[in-house]
Amino acid sequence: MKQITDHIMKRRSVRTFDGCKLSEEDLEKLRSFMGTIENPFGIPVEFKFLHAKEHGLICPVVSGTELYVGGKIKKMPNANVAFGYSFEMFVLFAQSLGIGTVWLGGTMNRAAFEKAMELGADEIMPCASPLGYPAKKMSLREGTMRKAIKADERLPFEDLFYEGDFKTPLHKERAGVFLQPLEMVRLAPSAVNKQPWRVVIADNAAHFYLKRSKGFGHETDLDMQKIDMGIALCHFALTAKESGLDVRLTQMDSISGSESDMEYIASIECSASSSR
């Protein structure tokens, strides 16, 4: 998948589709790509096409398509982050084919989706997405939803990213090779556009933290904001690789400079590519 930054910048959540079925060629491309998706946590995500009429799937905010894709993953540490990473890879590949998607976590009859995914007792199905070709004009409902969550707005660069510690905002002119990967993190989708990621750049590494939003708890196995963190990690890693950097994801036992309202998730170490 080339030109990842182009796909990230062009992609938007699509809830209104043109009613045309996906071509067999595009379906096969999606099916083939599903089998190649990996994440740096080494936790497999199983993808499955789902047909609304066959499984009784309902999503009141989606119109113009009967096809969905679901994903499931084993319950274990890092499962939500890994799912976010892998599912966003699928989303971006769909974008490269001109196929619309939207992350669905709550606006669907979850029980029917989980049954269609044949969910095991040791598995979770965090999210699904409709699949189809975007309509030329979004529905009034979709337009209203986007305005309500300010879908096209993002927090300022300096509010999300820091240099050395959380006391020093990172300014774009000091970001160096991290500028493009961080800009793609800033554009990442998140539940209700809360943008919970915060990143500290130090020692040639990007340290990712979760700044949890009110109302987004984690009392169950499903944690939507950790899924958002997986999306952010995916954007950063893919963009850094495309920029010619070697990347390696690590998780530290302890890390200095943490704030009481920040939860450390993972770090991505970057170095000049040995192939250059």
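This report describes selected strands, helices, ring pairs and one glutamate in a predicted model.

## Strand E2 and its partners

Of the 8 residues of strand E2 (67-74), 7 are buried, so this strand is largely enclosed by the rest of the structure. E2 pairs with E1 through 6 bridges in the antiparallel sense, and within that pairing leucine 50 has tyrosine 68 of E2 as its bridge partner.

Two further strands are joined to E2. Strand E4 (residues 128-130) runs antiparallel to E2 and is joined to it by 3 bridges, with glycine 70 standing opposite alanine 128 of E4. Strand E3 (residues 123-124) also pairs with E2 in the antiparallel sense, over 2 bridges, and here isoleucine 73 stands opposite isoleucine 124.

## The buried side of helix H2

In helix H2 (residues 24-34), the buried residues are Asp26, Leu27, Leu30, Phe33 and Met34. These residues cover an arc of only 130° around the axis, which puts them on the same side of H2. In general, an α-helix has 3.6 residues a turn, so residues three or four places apart point the same way.

The cover over the buried residues of H2 includes E1, strand E2 (67-74) and H4, whereas the face of H2 turned away from its buried side carries Glu24 and Glu25, which are exposed.

## Aromatic pairs

The count of aromatic pairs comes to 14. In one of them, the rings of phenylalanine 47 and phenylalanine 90 have centres 5.5 Å apart and planes at 25°, so the pair is stacked, given that planes under 30 degrees apart count as such. Because phenylalanine 47 lies in strand E1 (residues 46-51) and phenylalanine 90 in helix H4 (residues 79-96), this pair ties together parts that are 43 residues apart in sequence. Phenylalanine 47 counts as buried at 11% relative accessibility, and phenylalanine 90 is buried with a relative accessible area of 0%.

Another stacked pair is formed by phenylalanine 178 and phenylalanine 236, whose ring centres are 6.2 Å apart and whose planes are at 25°. Phenylalanine 178 lies in the loop between E5 and helix H8 (179-186) and phenylalanine 236 in helix H9 (residues 224-242), so this pair ties together parts that are 58 residues apart in sequence; both residues are buried. Ring pairs also link Phe47, Phe83, Phe87, Phe90 and Trp103 into a cluster.

## The five-stranded sheet

An open sheet of 5 strands has the order E5-E6-E7-E9-E8, and its pairing is mixed. Strand E5 (161-163) and strand E8 (245-250) are the edge strands, each of which pairs on one side only, and the twist from one strand to the next averages 25°.

In general, the strands of a sheet pair through backbone hydrogen bonds, either parallel or antiparallel.

## Glutamate 269

Glutamate 269 is found in strand E9 (residues 263-272), and at 27% relative accessibility it counts as partly exposed. Leaving aside neighbours within four places in sequence, glutamate 269 is in contact with Asn204, Ala205, Asp246, Val247, Arg248 and Thr250.

The side chain of glutamate 269 makes a polar contact with the side chain of arginine 248, at 2.7 Å. From C-alpha to C-alpha, glutamate 269 and alanine 237 are 9.6 Å apart in space and 32 residues apart in sequence.

Notes: Residues numbered from 1 in each chain as written. Predicted model: local features only at pLDDT ≥ 70, side-chain atom pairs only at ≥ 80, totals over all residues. Heavy atoms only, no water. Helix = DSSP H or I, 4+ residues; strand = E, 2+ residues; numbered from the N terminus. Buried < 20%, exposed > 50% of the residue type's maximum accessible area, 1.4 Å probe, protein only. Contact = heavy atoms within 4.5 Å. Polar contact = N/O pair within 3.5 Å; in protein donor to acceptor, adjacent residues only side chain to side chain. Pairing = 2+ DSSP bridges. Axes fitted to C-alpha atoms, helices over the stretch in contact; angles between N-to-C directions. Phe/Tyr/Trp six-rings, centres within 6.5 Å; stacked < 30°, edge-to-face > 60°. Arc of directions from axis to C-beta.
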